[in-house]
Structures are given as structure tokens and as C-alpha cells.
Amino acid sequence: MRTPDLKTITGCRRFSPFEREHYAKNNMFSIICMAIFISLVEVWIISGILRAILSGSMDRSFEWMLTHLILCSILLVLSIASFAYAAVFIKGRFSLSVHAQAIKIVYSLTCISFGMYISVMDYASGEQMLGFITMILLVSCVIIWRPVVSIPVITFSFSIFYYICDGIAATSMITKLNLLTTYLAACLISLSRYFQWFRECSSKSDLDRANMELEDTNRELEESYIALEDSNQALARSNKDLSNLNNTLSRTNKHLKYVSDRDYLTGLYTPRGF
């Protein structure tokens, strides 16, 4: 595995085609997991709101219920659509990584905006801000982001959320510390997720390169073996021809010896007068 440089660490380096495909597929798997989790949560929330409306046991105003119902329905539809596209992308029916990148950005920003809006409403009501924290941790933990993108986005999201909440009611020191620790945790988790993917991708790239070199070596060995077999066959044919030539020469020598002996005997027993 190669040692990462500064551009690689910050995520500013341009991905190779292999890294781009690996990056997109990993994010599509992450979006599938995230979409399933969020869809189940939204179905549970929507069913609870509808049950409360139909039974008349609402502990909130009708406007609050309707707003949450609409927002949860929008997020549920988007989660289902993102799940469907990610599943189709992994099967190879869409090969452009720019589409996967667009789905990742739209879905992540929608989840963060949803969590921020819900948490602002909860904070105004004197409740905890778990919606925003949950969504920001999901986006930073599950999905892979370049550090040059993730850190500014997380920082901007926490800053906007803090100033909105502080404008509604002055935040306490505990709330500030909780937001700060959550912000640092989200940044560290996002960086860890990216570096983990980078190590995995580098290892896989090195393994694929080694396999390709091994395949080339095996191909060269096969070609050498075939050439050796052809040489052996040619040598066998040459040996056969040489053997035939030796047999021919042997027969010729025998014939010449026979003729020579015959001429000698003929000259020895033939009277000189004749």
C-alpha cells in the first residue's frame, strides 16, 4: 500500500477510475443501509402521528403533527428512492459515478436539513436536540466523504444550528459542550471512515495489480510452454528425418558394398582370355 501524501489525506487528489468506481459503490452500499434505517424510523414516526390524530390523543398541536407528518413523508419517499437507485447502481445498470455522487449529496443534505429543522422545533419546545445529532452522525459515520468536503459541511451545519438555537433561547454551557463534543466526534468519525476506505481501496488496488501481473506471467509461461512444445515437436521431426536419412545411408552403403564385392568376385573368377 502506497504512503498517502497531503493531497490524498485532505481528499484533494483526483481519483483514478478504479478508486472512483470503488468510492461510488461503497457509498451506494452505505446509502442502502442508511435508507433502510431511516425508512423504518420514519414509518414508525408516521404511524405514531397518524394513530394519535385518528384517536384524538394528540399531546401536540395539529399544526405540529401535520408539519412532522409532511416532513417525515418527504424523507421516507426520498429514502425509498435513494435505496432503489443505489440498488440499481450496484447491479451495474448505471455506470456514471456522477449520478451516485448527486444522490449522495442530495440525500445527505436532506437528512441534515430534516434533523436540523426537527431539532430546532424540539429545542424551542424545551426538549433535546437528538434529531440533528442523529442525522449528522449518520451522514458522517455511514457515508464516505472527502475530508476537504466533510469538515466544512459539518462545521457549517453545526454553526448554523447553534446560531439558530441561540437565537431562540440562550444556550447553556452544557449545551455548548455537548454540541462541541458531538462536532468533534462527527469530524473524527468522518476522517476515520475516509482513511479506512482509502486503506481498503489501496489494498484492493495493489492486490488487483498483483493479480494482473500474475496473470501476465502465467500467460507468458503458457506461451513459452507452447513454444517449447513446438520446438520439441520440430526436434522430434528432425530426429525422425535424421533417422530416415541414416537408414537410407545405411542401405546405400550396403548396396555399394554388395556391388563392390560382386565386381571383385566377377573379376577374380573370369578367365583372362575372355
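User: Which helix do Glu-21 and Lys-25 lie in, and how many residues apart are they?
Analyst: Both Glu-21 and Lys-25 belong to helix 2, and they sit four residues apart, about one turn of the helix. Keep in mind that this is a predicted model.

User: What do Glu-21 and Lys-25 form, and what separates the closest N and O atoms?
Analyst: They form a salt bridge, with 3.3 Å between the closest N and O atoms. Side chains of opposite charge can pair when their charged atoms come close.

User: How many salt bridges does a search of the whole structure find?
Analyst: One salt bridge turns up in the whole structure.

User: Is Glu-21 buried or partly exposed? And Lys-25, buried or partly exposed?
Analyst: Glu-21 has a relative accessible area of 44%, so it is partly exposed. Lys-25 comes in at 33% and is therefore partly exposed as well.

User: Staying in helix 2, what about Asn-27, buried or exposed?
Analyst: Asn-27 is found in helix 2, which spans residues 17-55. Its relative accessibility is 2%, so Asn-27 counts as buried.

User: What is Asn-27 in contact with, leaving aside neighbours within four places in sequence?
Analyst: With those neighbours set aside, Asn-27 contacts Lys-104, Ile-143 and Ile-144.

User: Stepping back, how many helices and strands are there in the protein?
Analyst: The protein has seven helices and zero strands. Along the sequence the pattern reads α-α-α-α-α-α-α.

User: What share of the residues is buried? And what does the accessible surface come to?
Analyst: Of the 274 residues, 29% are buried. The accessible surface is about 17500 Å², and carbon and sulfur atoms hold 65% of that.

User: What share of the contacts with a separation of 6 or more is between residues 24 or more positions apart?
Analyst: Residues 24 or more positions apart make up 79% of the contacts in that set.

User: On to helix 4. Where does Ile-112 stand, buried or exposed?
Analyst: Ile-112 is found in helix 4. Its relative accessible area is 7%, so Ile-112 is buried.

User: Which residues is Ile-112 in contact with?
Analyst: Beyond neighbours within four places in sequence, Ile-112 contacts Phe-132, Met-135, Ile-136, Val-139 and Ser-157. Leu-137 is 25 residues from Ile-112 in sequence, and the C-alpha to C-alpha distance is 9.5 Å.

User: And Asp-122, buried or exposed? What does it touch?
Analyst: Asp-122 lies in helix 4 too, and a relative accessible area of 12% makes it buried. Not counting residues up to four places away in sequence, Asp-122 touches Trp-64, Glu-127 and Gln-128.

User: His-99, buried or partly exposed?
Analyst: His-99 is in helix 4, and with a relative accessible area of 35% it is partly exposed. The C-alpha atoms of His-99 and Phe-89 are separated by 9.1 Å, and the two residues are 10 apart along the chain.

User: Next, helix 5 and helix 6. At what angle do they pack?
Analyst: Helix 5, residues 130-142, packs with helix 6 at about 175 degrees, and their axes are 12 Å apart.

User: Why are they called roughly antiparallel?
Analyst: Angles over 145 degrees count as roughly antiparallel, and helix 5 and helix 6 are therefore described that way.

User: Which residues meet there?
Analyst: From helix 5, Phe-132, Ile-136 and Ser-140 meet Ile-154, Ser-157, Phe-158 and Phe-161 of helix 6.

User: Last topic, the nonpolar surface patch. Which residues make it?
Analyst: Ile-105, Leu-109, Val-148, Val-149 and Val-153 make a nonpolar patch of about 340 Å².

User: Which helices supply at least two residues each? Which one gives the most?
Analyst: Helix 4 (97-124) and helix 6 (147-168) each supply at least two. Helix 6 gives the most, with three residues.

User: And Val-153, where is it found?
Analyst: Val-153 is in helix 6. Its relative accessible area is 33%, so Val-153 is partly exposed.

Notes. Residues are numbered from 1 along each chain as its sequence is written. This is a predicted model: local features need pLDDT of at least 70, side-chain atom pairs count only at pLDDT 80 or more; totals for chains, interfaces and linings use all residues. Side-chain values use heavy atoms; hydrogens and water are left out. Patches are made of residues with over 30% relative accessible area and no salt bridge: like charges are joined within 9 Å, nonpolar side chains (Val, Leu, Ile, Met, Phe, Trp, Tyr) within 5 Å. Accessible areas come from the Shrake-Rupley method with a 1.4 Å probe; for residues, only the protein chains shown count as cover. A salt bridge is a side-chain nitrogen of Lys or Arg within 4 Å of a carboxyl oxygen of Asp or Glu. Buried means under 20% relative accessible area, exposed over 50%, partly exposed in between (1.4 Å probe, protein chains only). Axes are lines fitted to C-alpha atoms, for helices over the stretch in contact, and angles run from 0 to 180 degrees between N-to-C directions. Angles under 35 degrees count as roughly parallel, over 145 as roughly antiparallel, 65 to 115 as roughly perpendicular and the rest as oblique. Contact means heavy atoms within 4.5 Å.
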